[in-house]
Structure formats: structure tokens, C-alpha cells
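Please keep the structure open as you read.

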Amino acid sequence: MTYNTHTFKNGFRIIHFPSASPVSYCGFGIHAGARDEKDEEFGLAHFVEHMLFKGTEKRKSWHILNCMEKVGGELNAFTTKESTFIYSIFMDPDFNRALGLLSDIIFHSRFPQHEIDKEVDVILDEINTYNDTPSELIYDEFENLLFSGHSLGHNILGEEHTLTKFTTESGLSFLKRFYVPANMIFFSMGQTKITKIIHALEAYMDNELHTPAYCERTSPSSNAATQKKISRNTHQTHIMIGGRSYNMFEYEKRLPLFLLNNLLGGPSMNSRLNVSLREKHGLVYTVESTITPYTDTGLTSIYLGTSSKNAEKAIRLVHKELDKLRNTKLTETQLSSLKKQVTGQLSIGTENRESLFLNIGKAFLHHNRYETLPEISHKIEKITAENLIDTANEIFSPGNLSTLIFE
């Protein structure tokens with residue numbers, strides 16, 4: 001897989017993956033998210049993402065929503081702790097339509113107050129729905145436990161007392177600080193030539209100066225492992241176990257952890273946690289482990305839901321599997337099988353074109369390049385059983401593990 005890149009004088013970057021498919025993708029990635037909000041702005045990054053669809057200098061909200069839908073396309077967006085993505089999926093002949101729409105909402109959104117007032121109610125309803133889903137809410141509460149007092153611990157959706165104070169000026173201020181060319185990328189995949197993309201974007205870049213993003217990120221301080229229980233009167237007991245791990249630039253360390261995570265509680269039904277807690281003991285319906293890297297830190301977590309009477313036993317079984325990772329080296333056969341499984345999953349994952357497209361955007365936004373599957377596979381082959389033991393002892397040591405329980 002080959003790709004093309006280009007950087008404008010003002011720092012704006014483009015990455016394009018040529019594809020023969022009649023379905024194309026393009027979008028903008030902004031290096032700004034929930035952790036970049038001021039104290040009085042909790043929820044603003046996500047709110048701005050919503051408001052980008054509510055009107056520009058040339059388009060009303062209906063025109064924005066209808067623009068791609070009426071030709072069978074899609075318009076999507078999402079916000080994370082550190083980034084925001086707005087993108088479209090469409091048939092290849094509609095590239096100019098998609099680019100024109102996306103550029104308009106990125107560079108010319110107006111944030112009319114009457115639309116803000118309506119959207120606050122929409123997001124408050126989203127928050128209430130989220131609060132009614134403990135299996136999702138516990139992930140945010142766990143980050144708040146690990147990053148207590150830091151912006152990484154804040155819920156992306158925000159809080160009612162800040163949302164209700166947002167104004168047109170709030171949204172435009174956030175755009176001015178972060179939605180600047182040097183802090184953004186354009187990423188695409190389709191039949192359109194890179195030269196055409198560059199030429200088309202030049203029209204939107206002419207009046208955009210090389211303005212640095214307003215960035216005051218501070219790294220979270222270290223914290224001790226802790227245990228916390230929250231009474232939510234849930235039918236199930238929901239449990240999170242995990243701790244700090246590597247940031248997204250510690251790649252040589254993250255790759256062994258990626259393999260360990262897959263072995264422990266990844267997507268396969270033969271993951272150790274699934275075999276132990278579900279298949280052998282019948283304690284859970286869902287158990288999984290995840291890795292979340294940020295620019296200056298990261299976290300590794302294990303989630304499970306079980307009955308209250310089985311909670312302590314389930315936690316013991318999780319720690320039993322973690323002890324095994326720290327103390328028992330994989331055989332050559334086990335290591336080879338793990339590498340083959342991970343490489344196969346990555347290969348199959350590239351068949352999901354939307355997922356591939358988004359992975360390209362995320363990688364280019366943060367690393368200014370996209371690592372192809374052959375490059376990753378080559379690095380995976382170099383990982384040893386000793387690497388995995390060392391990583392397990394660093395990340396899954398008892399002193400690094402916190403526990404959060406919803407009961």
C-alpha cells in the first residue's frame with residue numbers, strides 16, 4: 001500500500017491513499033479534543049463538533065445535512081480526548097461536493113445562538129442516556145480515577161452547568177484557538193489524484209495563515225494505585241482493573257503490550273480472560289482488555305460485568321491471569337501462534353475500508369506518517385518472549401493496578 005502526502009506553507013498537511021473502489025472517503029482531522037478545554041469549557045470540544053453541522057456563512061443546517069445524503073453519501077464526526085474528526089463517505093464523482101461541504105463547515109461555521117440553545121438539550125439527553133449505561137460509563141469513571149484532577153479525566157460530553165453557558169463566542173473562540181491549518185490534516189482515500197486534491201484545497205488555504213494552535217497541555221502527574229467502589233444500584237457488578245501505560249510515541253514499548261493485550265483480553269474468543277472467566281467458570285458474558293495511548297501517557301484496562309456474588313472470584317481470576325503473564329514465559333510455539341493471530345487480525349481489519357481510512361487519518365495527525373501492515377508485521381516478528389515478560393512486569397505489576405467497581 002502506497003500513499004501520497006503534501007504540506008502547504010502554512011503547515012496544513014494532506015495524506016491520500018489511491019484506491020480503485022467507486023466509494024471514496026475524505027475528511028479533516030484536528031489535533032484538539034476534550035483535554036484542551038479550559039475549566040469553564042468542559043464539553044466544548046464535543047459541542048463544537050456538533051455545532052459544525054448547524055450552519056455556515058453560506059449554508060443552513062438543513063443544507064449541510066442534505067448535501068451528501070441526497071447523493072447517497074454520509075457525513076460523520078467524532079471527538080476524543082485529544083482529537084476531532086469530521087469526514088464523509090461518498091461515490092467517487094461526488095468528491096468536489098464532499099470537499100466543498102467539509103471545507104465550508106471547518107472554516108466558515110457560524111454557531112448561531114438559537115441552534116446552540118437547541119443542541120444543548122440534545123447533548124444533555126445524550127449525557128442522561130450515557131449515565132444509564134454503566135458498562136460504558138465505567139470507562140470514563142476509570143479514567144477519572146487514574147487521571148484525577150487532570151483534563152484527561154474529564155468526560156468528553158461535558159457537564160450541564162458548563163453546557164448551558166455556551167454561546168456563539170464560546171464556539172468561535174475554540175475554533176480560533178485550534179481549528180488552524182498547522183493543527184489540522186486532510187485525509188482521503190479514493191480514485192481522485194493527489195494533484196487534484198492539492199489544487200482543490202489551495203482555494204481554501206489561500207487566506208489561512210500559518211497560525212500555531214493555542215496549546216497548553218500539561219502531562220498528568222504520577223499517581224498511586226487505588227481501589228474505589230461506587231454504589232449505582234446496578235443489576236450487575238461492573239469492574240475495571242488497570243493502570244497507566246505507554247504513550248503513543250513509545251512505539252517500541254507499545255508493540256509488545258499490543259501483543260500482550262491481544263493474548264489477555266483481545267477480540268478473539270480464545271483470549272485468556274474469556275477462556276477463564278466465561279468458558280471455564282461461566283462468570284461473565286463480557287470481559288475484555290483495552291489499550292488507550294495518549295500523546296504523553298496512556299492506560300491499559302480490563303473490563304468485566306458479573307453478578308455481585310461472583311465479583312470477588314472474577315477479580316481473583318483476572319489477577320491469576322496477570323500473574324501468569326508476569327511470571328510464565330511463552331514457549332516458541334505459543335509466541336509464534338500469537339504473532340500469527342495478531343497479524344491475521346490486522347490483515348482482516350484492513351478490509352474494513354472505513355476503519356482503514358480513519359486509522360490513516362489518526363496516524364498521520366499524530367505521527368505524520370502511516371505505518372503499513374508489512375512494516376508492522378516486520379516489527380512484530382522481532383518481539384521475543386522476554387520482551388513480553390518485561391512489559392507485563394512493568395504494566396501489570398500490582399503497584400500499577402487500580403480497581404473501580406460499580407455495584
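## A buried phenylalanine

Phe-8 is buried, with a relative accessible area of 11%. Buried here stands for under 20% relative accessible area, exposed for over 50%, and partly exposed for what falls in between (1.4 Å probe, protein chains only). This is a predicted model, in which local features need pLDDT of at least 70 and side-chain atom pairs count only at pLDDT 80 or more, while totals for chains, interfaces and linings use all residues. Residues are numbered from 1 along each chain as its sequence is written, and side-chain values use heavy atoms, with hydrogens and water left out.

The phenylalanine sits in the loop between β1 (4–7) and β2 (13–18). Helices (H or I, at least four residues) and strands (E, at least two) are DSSP runs, numbered from the N terminus. Which residues are in contact with Phe-8, leaving aside its neighbours within four places in sequence? They are Ile-14, Ile-198, Leu-201, Glu-202 and Met-205, where contact means heavy atoms within 4.5 Å. Pro-181 is 173 residues from Phe-8 along the chain, yet their C-alpha atoms are separated by 8.8 Å.

## Salt bridges

Side chains of opposite charge can pair when their charged atoms come close. A salt bridge is counted when a side-chain nitrogen of Lys or Arg is within 4 Å of a carboxyl oxygen of Asp or Glu. The whole structure holds 15 salt bridges. Three of them are set out below.

| Pair | N to O distance |
|---|---|
| Arg-177 and Glu-41 | 2.9 Å |
| Glu-115 and Lys-118 | 3.5 Å |
| Glu-386 and Lys-329 | 2.9 Å |

Elsewhere, salt bridges that share partners join Arg-35, Asp-36, Glu-82, Arg-217 and Asp-296 into one network.

Back to the pair of Arg-177 and Glu-41, whose closest N and O atoms are 2.9 Å apart. Leaving aside its neighbours within four places in sequence, Ser-170 is in contact with Leu-44 and Lys-165.

Glu-115 and Lys-118 both lie in helix α4, three residues apart, about one turn of the helix. An α-helix has 3.6 residues a turn, so residues three or four places apart point the same way.

Together with Asp-117, Asp-121 and Glu-126, Asp-125 forms a negative surface patch. Patches are made of residues with over 30% relative accessible area and no salt bridge, like charges being joined within 9 Å and nonpolar side chains (Val, Leu, Ile, Met, Phe, Trp, Tyr) within 5 Å. Lys and Arg count as positive and Asp and Glu as negative, with His and the chain ends not counted. The place of a charge is taken as NZ of Lys, CZ of Arg, CG of Asp or CD of Glu. Accessible areas come from the Shrake-Rupley method with a 1.4 Å probe.

## Helix α10

Which residues are buried in helix α10 (residues 272–280)? They are Arg-272, Leu-273, Asn-274, Ser-276 and Leu-277. Their cover includes α9 (251–265), β9 (287–293), β10 (298–306) and α11. Just after α10, Gly-282 takes a positive phi of about 60 degrees.

## Loops with a positive phi

Most residues other than glycine have a negative phi, and most peptide bonds are trans. Asn-233 has a positive phi, near 50 degrees, and is found in the loop between β7 (227–230) and β8 (237–244). This asparagine is exposed, with a relative accessible area of 72%. Asn-368 has a positive phi too, near 65 degrees, in the loop between α13 (353–367) and α14 (373–381). At 46% relative accessibility, Asn-368 counts as partly exposed.

Thr-331 is partly exposed at 42% relative accessibility. Its C-alpha is 7.5 Å from that of Ala-385, a residue 54 places away in sequence.
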